[in-house]
Amino acid sequence: MRAPMAVPHLLEGASRHQRCHPAKEKDMVKIDLPRERAADWKEAMLKKMAEVLEKYHSVRLFMDICVKCGACADKCQFFLGTGDPKNMPVARADLFRKVYKRYFTLGGKIWGRTHEAEELSDSILQDWYTYFYQCSECRRCSVFCPYGIDTAEITMAAREIMAAAGIATKYVTEVVAKVYDTGNNLGIWPPAWKDNCAFLEEDLKDTEGLDLKFPVDAVGAEVLLIPPSADNFVNTNTMIGYAKMFHAAGISWTTSTYCNEGGNFGLFLNYANLKKVNNRILEAARDLKVRKVYWGE
Ligand code: SF4
Ligand code: SF4
């Protein structure tokens, strides 16, 4: 039997300096976000926060019902790995909660800090940017919360709010922008996708003597396959596996050069891009007139 993982000593600020690179203007423009941090970022964030609280009642509920029992505190791998107390899920959520209390609760408006409420300031924004981008939205903590508070949803809301003011990370925005340019996260342009498929056909013939097709943009197939794009480029054995499976099952299939990505990085950015990336699957399915979509990541 394994001993439980030791809870680390608290190391205040241990991961404060581990911050994601900021988004580039060229990517922000492609994904319909302000090209840089807005001059009125504070107003923009509070306006979006009001929208989020109105639209996603769960977030408001999570703000109000935490009893600070600490059951989630040692469940986050980012806290266990760094010892930084702000990576405890409850503390991460508190970064959001103190702003929520200040602007959206009566107690916070009247009593301020004595009600654990704080003005949205540049230093709070720095903490939001650092620690909400040190959450992988894995939802492990929510499994242990007796109230079902889902810190991943709070993280998503915080990123949504920051994005509205032109604040996001290079990694996430670059990947989403690549989807709009090329159809996938890795930036594989259509000719390269087709070329890789042709290569796999030849490879399979040479190595196994099998004459299987890897169809691309075939109209009227039964299935549109949306694989992770890495399967076309790196994990090619998986791509070969799909072809063998469809062949054995006698199912006609195709991939699409418009949408060939099973992973949606909109999840890590904001709801608008999450939906837009997902919609590309439907658009591709309609354009290619398929009957089913097989989609995996
Ligand atoms: S387990 Fe739930 S109620 Fe307890 S501190 Fe964490 S988020 Fe709050
Ligand atoms: S959802 Fe975020 S805060 Fe919760 S355990 Fe996962 S990484 Fe940590």
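Reply: Around ligand 1 stand C66, V67, K68, C69, G70, A71, C72, P89, V90, C145, Y147 and I149. A residue counts as near a molecule if its C-beta atom, placed from the backbone, lies within 6 Å of it. This is a predicted model, where local features need pLDDT of at least 70 and side-chain atom pairs count only at pLDDT 80 or more, while totals for chains, interfaces and linings use all residues. Residues are numbered from 1 along each chain as its sequence is written, and chains are lettered from A and ligands numbered from 1 in the order in which they are written.

By class, the ligand 1 shell holds 10 nonpolar, 1 polar and 1 charged residues. Here Ala, Val, Leu, Ile, Met, Phe, Trp, Tyr, Cys and Pro count as nonpolar, Asp, Glu, Lys and Arg as charged, and the others, Gly among them, as polar.

Now ligand 2. Its shell has 15 residues, of which C76, P89, C135, C138 and C141 come nearest. Elements giving two or more residues are α5 (89-104), α8 (140-144) and α9 (151-164). Helices (H or I, at least four residues) are DSSP runs, numbered from the N terminus. The largest share, 3 residues, comes from α9. The shell divides into 7 nonpolar, 3 polar and 5 charged residues.

α5 packs on α9 at about 35°, with 10 Å between their axes. Axes are lines fitted to C-alpha atoms, for helices over the stretch in contact, and angles run from 0 to 180 degrees between N-to-C directions. The crossing is left-handed: the near helix is turned anticlockwise from the far one by less than a right angle. P89, R92, A93 and F96 of α5 meet T151, I154, A157 and A158 of α9. Contact means C-beta atoms, placed from the backbone, within 7 Å. This contact counts 6 nonpolar, 1 polar and 1 charged residues.

Helix α3 (residues 57-65) also packs on α9, at about 115°, with the axes 10 Å apart. This crossing is left-handed too. S58, V59 and F62 of α3 touch E153, I154 and A157 of α9. The tally is 4 nonpolar, 1 polar and 1 charged.

Step back to the domains. The assignment gives domain 1 (25-168) and domain 2 (183-295); such bounds come from an automatic or database domain assignment. Their centres, taken over C-alpha atoms, are 36 Å apart. 7 residues of domain 1 are in contact with 7 residues of domain 2. The domain 1 side has 3 nonpolar, no polar and 4 charged residues.

Note on methods:
Contact = placed C-beta atoms within 7 Å.
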